Amino acid sequence: MAAADQPKLIVVADAEALAQAAAERVMARIAANPGRIAIGLTGGSGPKKLYQLLGSDAYRGKIPWDRVHWFIGDERFVPENDPLNNMAVARAAFLDRSAPSGHIHPIPTTAENPDASAAAYARELQAFYGAESLDPARPLFDLVLMGAGPDGHTASLFPGYPEIEETGRWVVGVPKANVAPFVPRVSLTLPALASCREMLFEIAGHDKQPILTRLLNGETLPAVRARSNGETVWLVDQAALPEGIRGGR
Ligand code: 6PG
């Protein structure tokens, strides 16, 4: 399983080039699967430019919308119309205009609490997958998008929190976030996120330099522990690179 061991680091010039490269990887994963495609989206600032690109005329016409299903790796436990809602950001940027509504799979935040919401989303994922346990030979997702927060969290799996150790459940409630926004979260777990052909991290901007430095040093933070059973790619821009290696790749 050498492919799952080390992430592949790809360095691009800036945030625009990063969104472009990410869009091309999304298209490549779509092209590689002639059947039903599942993509896990993410929240935060990282993917916004990518979402705009996927909604632009250049990409919109190339996506086989009737074959692609869109999920989300984590959600803030706020109403679906709240600006903090991760899926709302993706819907407004590109999904609502082009994707059939039955192909958009938000984490429901109308449940009584984050645990109930997590259980409902796990059932939805399992119904889509057609089984209650994950078969390594049959990944749940074609592609999962990820980001890395300032504390090294990814999805809503925070360092030192019990949810990062979950090995059984596919989705968990996270009562308290470690960074802003301090709202409860619902997150896919490491094994559910790993069940993909490609896990693609987008890490851009000077603000990310401290955390990218720690990740590249191999600290056992959630963003380092999150790996695809297939290919893991860290797409980073020059501004996020540690001083010592900037411009050197
Ligand atoms: C969320 C995200 C989260 C994100 C990182 C990075 O709900 O906050 O899904 O996991 O990817 O926090 O976010 P930024 O790019 O905004 O720092």
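This is a short tour of the structure, stop by stop.

The model is predicted, so local features need pLDDT of at least 70 and side-chain atom pairs count only at pLDDT 80 or more, while totals for chains, interfaces and linings use all residues. Residues are numbered from 1 along each chain as its sequence is written, and side-chain values use heavy atoms, with hydrogens and water left out.

**Stop 1**

Strands here are DSSP runs of E, at least two residues, and helices are runs of H or I, at least four residues, both numbered from the N terminus. Two strands pair if DSSP finds at least two bridges between them.

Now select strand 5 (141-146) and strand 8 (residues 196-203). These two run parallel and are joined by 5 bridges. Leu145 stands opposite Leu200 in strand 8. Strands of a sheet pair through backbone hydrogen bonds, either parallel or antiparallel.

**Stop 1: a helix across the sheet**

Contact means heavy atoms within 4.5 Å.

**Stop 2: two crossing helices**

Select helix 2 (residues 15-32) and helix 3 (residues 48-55), whose axes come within 9 Å and cross at roughly 55°. Helix 2 and helix 3 are therefore oblique to each other (under 35 degrees is roughly parallel, over 145 roughly antiparallel, 65 to 115 roughly perpendicular, and the rest oblique). Among the residues making the contact are Ala19, Ala23 and Val26 of helix 2 and Leu50, Leu53 and Leu54 of helix 3.

**Stop 3: two loop residues**

Select Ala155, in the loop between strand 5 and strand 6. Phi of Ala155 is near 45°, a positive value in a residue other than glycine. At 8% relative accessibility, Ala155 counts as buried (under 20% relative accessible area is buried, over 50% exposed, in between partly exposed, with a 1.4 Å probe and protein chains only).

Finish at Pro181, in the loop between strand 6 (171-174) and strand 7 (185-188). A cis peptide bond joins Ala180 and Pro181, with omega about -5°. Most residues other than glycine have a negative phi, and most peptide bonds are trans.

Note on methods. Axes fitted to C-alpha atoms, helices over the stretch in contact; angles between N-to-C directions.
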